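Good morning. I will go through one structure today, and I will keep it short. Please have the picture open while I talk.

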Amino acid sequence: MKFIAKTLEGLEEILAEELSEMGAQDIEIWKRAVAYTGDKMTLYKSNLLLRTCLKVLVFMKEFSVENEIDLYNEIKKIPWEDYLSLEDTFAIDSVVNSEKFRHANFIALKAKDAIADRFREKYNQRPNVDTQDPTLKINVHIRENIVTLSLDSSGHSLHMRGYRKHSVDAPLNEVLAAGLVLMSGWDKSSPMVDPMCGSGTILCEAARIAGKIPPQSPDRTFAFKKWKSYDPVLWEMVCDEAESKINTNDIPSLLGYDLNQKAVQVAITNIGEAGLSEFIEVEKEDFFYLEGSQNIMLIFNPPYDGRLKEKDVLDFYSFIGDKLKLSFQGCTAWILSGHMAAMKNIGLRPSAKKSLLNGSIPSLFCRYDMYAGSKKQKWQDMYPQETAKENEKKN
Ligand SMILES: C[S@@+](CC[C@H](N)C(=O)[O-])C[C@H]1O[C@@H](n2cnc3c(N)ncnc32)[C@H](O)[C@@H]1O
């Protein structure tokens, strides 16, 4: 079987690493997705265990078309009765990136007609469409004149882990938070701190990674559980194996701070929902008053609140750089931000930089190693590529 794991832009490589560790074969990195092969067990593991995956699609067929009639005919040829009974329901999700085919909704309608007509001609009846909770969700992806058909095995997006009952302004997507922790190279045994933790997403994902706790609950409603091909015995085996690997003794000290009392409350509630209260502590504290200690890793996304004046945001990030230099010598900090000018103002030389999309916002995730005598530096020296791009834009 061939699968397509969808992800956020910038997390493709880390997802490919997760897949390789899981034993997937023929891994190919695409834009916002990773393709791979495996069997039904790979499919079940992918849904249960991948932390940086939004959806797992099962590849069905690829073909070229010149027009909507070709598309209708090709889809109608597929033996849909092998996948759906008359009592089942289906839905079509279409993504179109083509000069020839411009309207995703029209493509979805054509695909739906092809399936419905095949059933009507065979049985005089057809399964109904249910866009909310279908038995089978079919993905039609058109790039130029190439159509890729796949089945959505996940259902609800896998970023919805189920623990985030409340959130603060600008919470991180759980898949992105897990990606940040995995990309940071955190050794999973040193203490980790999110000093501006908001709803606690980074901390929850970090604790689960350290304790090998699967990102999804086995009881979650995955789409593949409604399929004719669902194998509950195999699923149980996969879940049992994953459970046997959990080791919460491995979770090191995880600490969160936030200036805002409401955020602290929200984080504590979410951490409780995730069953992680005994591993993560959250306190109301201002980052600028924290006492640093050696050898900790900080991962955080500071705000760049639209309500603040630009100068205040720039100053805030400059103070973050000063504070890191002053109180966190011997530590590593990773900062995610979509405010490039503010990132410049941190004024420390990043030892690693990753470009990501946070929602639709192009962002940088930068690593700073604080050692005795870390100096603030000029932006132009630290970010040569970004500076060249800016100069190009100006000219
Ligand atoms: C963008 S949010 C973090 C979102 C978080 N990663 C999540 O997933 O929910 C930034 C947080 O920083 C907090 N914050 C702002 N200034 C702070 C400071 N000086 N010390 C501690 N927290 C601060 C805000 O209250 C806010 O909750």
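Before the sheets, one term: two strands pair if DSSP finds at least two bridges between them. Keep in mind that what you see is a predicted model.

With that term in hand, take the sheet that contains strand S9. Seven strands, that is 7, make up an open sheet in the order S11-S10-S9-S12-S13-S15-S14, and its pairing is mixed. Which strands stand at the edges? They are S11, residues 280-284, and S14, residues 352-358. Each has a single partner strand, so one side of each is left without a neighbour in the sheet. On average, and ignoring direction, neighbouring strands here are turned by 20° against each other.

H5 touches S12, S13 (332-337), S14 and S15 (361-369), and the direction of H5 makes about 170° with that of S14. Helix H9, residues 310-327, lies across S12 and S13 and runs at about 170° to S13.

Now the other sheet, the one that contains strand S8. This open sheet has 8 strands, ordered S2-S3-S1-S4-S8-S7-S5-S6, again with mixed pairing. At its edges are S2 (25-30) and S6 (128-129); each has a single partner strand, so one side of each lacks a neighbour in the sheet. Helix H2, residues 40-49, packs on this sheet and touches S1 (2-6), S3 (33-37) and S4 (55-64). The direction of H2 makes about 130° with that of S4. Helix H3, residues 68-77, lies across S4, S7 and S8, at about 115° to S4.

Let us stay with S8 for a moment. Is S8 mostly covered or mostly uncovered? It is mostly covered, with 6 of its 7 residues buried. On one side, S8 is joined to S4 by 7 bridges, and these two strands run antiparallel. There, Glu62 stands opposite Thr148 of S8. S8, residues 146-152, also pairs with S7, residues 136-143, in the antiparallel sense over 6 bridges. In that pairing, Asn139 is opposite Ser150 of S8, and His141 has Thr148 as its bridge partner. So please find Thr148 in the picture: Glu62 is opposite Thr148, and Thr148 is also the bridge partner of His141.

S7 and S8 form a hairpin, with 2 residues between them. Glu144, in the turn, has a positive phi of about 50°. For background, most residues other than glycine have a negative phi.

Ala170 is not a glycine, yet its phi is positive, about 50°. Ala170 sits in the loop between S8 and H5, and at 65% relative accessibility Ala170 counts as exposed, because the cut-off is over 50%. The other is Lys188, whose phi is also positive, near 70°. Lys188 lies in the loop between H5 and S9, and Lys188 is partly exposed, with a relative accessible area of 38%.

Next, a pair of helices. Two packed helices are described by the angle between their axes and the distance between the axes. For H5, residues 174-183, and H6, the axes come within 8 Å and cross at roughly 60°. That makes H5 oblique to H6. The crossing is right-handed. On the H5 side, the contact is made by Glu174, Ala177, Ala178, Leu180, Val181 and Leu182. On the H6 side, it is made by Thr201, Ile202, Glu205, Ala206 and Ile209.

Is Glu205 buried or exposed? It is buried, with a relative accessible area of 0%. What does the side chain of Glu205 make a polar contact with? The partner is the side chain of Arg161, at 3.1 Å. Leaving aside neighbours within four places in sequence, Glu205 is in contact with Arg161, Tyr163, Glu174, Ala177 and Ala178. Among these, Glu174, Ala177 and Ala178 belong to H5 and take part in the contact with H6.

That is what I have. Thank you.

Notes
Residues numbered from 1 in each chain as written. Predicted model: local features only at pLDDT ≥ 70, side-chain atom pairs only at ≥ 80, totals over all residues. Heavy atoms only, no water. Helix = DSSP H or I, 4+ residues; strand = E, 2+ residues; numbered from the N terminus. Contact = heavy atoms within 4.5 Å. Axes fitted to C-alpha atoms, helices over the stretch in contact; angles between N-to-C directions. Buried < 20%, exposed > 50% of the residue type's maximum accessible area, 1.4 Å probe, protein only. Polar contact = N/O pair within 3.5 Å; in protein donor to acceptor, adjacent residues only side chain to side chain. Parallel < 35°, antiparallel > 145°, perpendicular 65-115°, else oblique. Left-handed = near helix turned anticlockwise from the far one by under 90°.
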